[in-house]
Amino acid sequence: MRFTGIESVVGQQYVIQIANGNMFDKYTQIANTYIGYGDGIATPAAGYLATEFLPVKPNTVYEFGSTGSQQLAFYDKNKNYISGYAGGVSGAHLKRITTPKGVELIRFTTQMGLASSQYFIEIPKKEDVRT
């Protein structure tokens, strides 16, 4: 998985144009489901989408964006819950996370109405970026 976008500054906000590399696929989400950050369990919740298990790397920065609330849960390779994160965003804010040690999978929640604007991408380390 690699980031293939262009980053530019518009006022005080960063605008990221994603050519590809978005790990969020709105067509493979589980409707009316919420991922609990405290236990990683999927529970029924009207109006939300939960991701499937998405592969991630430990100690790696990822970015997701939407204008809805989000819960994240981290898992090991055997889908055992490790930890989670409760976060919410508003407006056009973007959120970056660093995956914990031992993490190989992630699941998160977004609001159904915001699925078209959702993304989840790996942010490359500076030494991985070619100019």
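Strands, labelled E, are DSSP runs of at least two residues, numbered from the N terminus. In this predicted model, Gln-71 has its place in strand E7, which covers residues 69–75.

**Two buried polar residues**

Gln-71 counts as buried because its relative accessible area is 13%, and its side chain takes part in two polar contacts: one of 3.3 Å with the side chain of Tyr-34, and another in which a polar atom of the Gln-71 side chain lies 3.3 Å from the backbone nitrogen of Tyr-37. Leaving aside residues up to four places away in sequence, Gln-71 touches a set of residues that includes Tyr-34, Ile-35, Gly-36 and Tyr-37, and also Tyr-85, Ala-86, Gly-87, Arg-107, Phe-108 and Thr-109.

Thr-33, placed in strand E3 (residues 30–35), is likewise buried, with a relative accessible area of 10%. A polar atom of the Thr-33 side chain lies 3.0 Å from the backbone oxygen of Ala-31, while the residues that Thr-33 touches, not counting those up to four places away in sequence, include Tyr-48, Leu-49, Ala-50 and Thr-109.

| Buried residue | Relative accessible area |
|---|---|
| Gln-71 | 13% |
| Thr-33 | 10% |
| Tyr-34 | 16% |

**Aromatic rings**

Across the whole structure, a search finds six aromatic pairs. In one of them, the rings of Tyr-34 and Tyr-48 have centres 4.7 Å apart and planes at 90°, so the pair is edge-to-face. Because Tyr-34 belongs to strand E3 and Tyr-48 to strand E4 (residues 42–50), this pair ties together parts that are 14 residues apart in sequence. Tyr-34, the partner of Gln-71 in a side-chain polar contact, is itself buried, with a relative accessible area of 16%.

Elsewhere, ring pairs link Phe-24, Tyr-62, Phe-108 and Phe-120 into a cluster. The charged end of Arg-107 sits over the ring of Phe-53, at 4.8 Å from the ring centre.

**Nonpolar cores**

The largest nonpolar core has 15 residues, and those with the most contacts inside it are Val-56, Ile-97, Ile-106 and Phe-120. Strand E6 (61–65), strand E7 and strand E10 (105–111) each supply at least two residues of this core. Phe-120, which also belongs to the ring cluster, touches residues that include Leu-54, Val-56, Tyr-62, Phe-64, Ile-97, Ile-106 and Phe-108, again not counting residues up to four places away in sequence. A second, separate core of five residues includes Ile-35, Ala-50, Tyr-75 and Leu-105; of these, Ile-35 is touched by Gln-71 and Ala-50 by Thr-33.

Technical notes
Residues numbered from 1 in each chain as written. Predicted model: local features only at pLDDT ≥ 70, side-chain atom pairs only at ≥ 80, totals over all residues. Heavy atoms only, no water. Helix = DSSP H or I, 4+ residues; strand = E, 2+ residues; numbered from the N terminus. Buried < 20%, exposed > 50% of the residue type's maximum accessible area, 1.4 Å probe, protein only. Polar contact = N/O pair within 3.5 Å; in protein donor to acceptor, adjacent residues only side chain to side chain. Contact = heavy atoms within 4.5 Å. Phe/Tyr/Trp six-rings, centres within 6.5 Å; stacked < 30°, edge-to-face > 60°. Lys NZ or Arg CZ within 6 Å of the ring centre and 35° of its normal. Core = buried A, V, L, I, M, F, W, Y, C linked by side-chain atoms within 4.5 Å.
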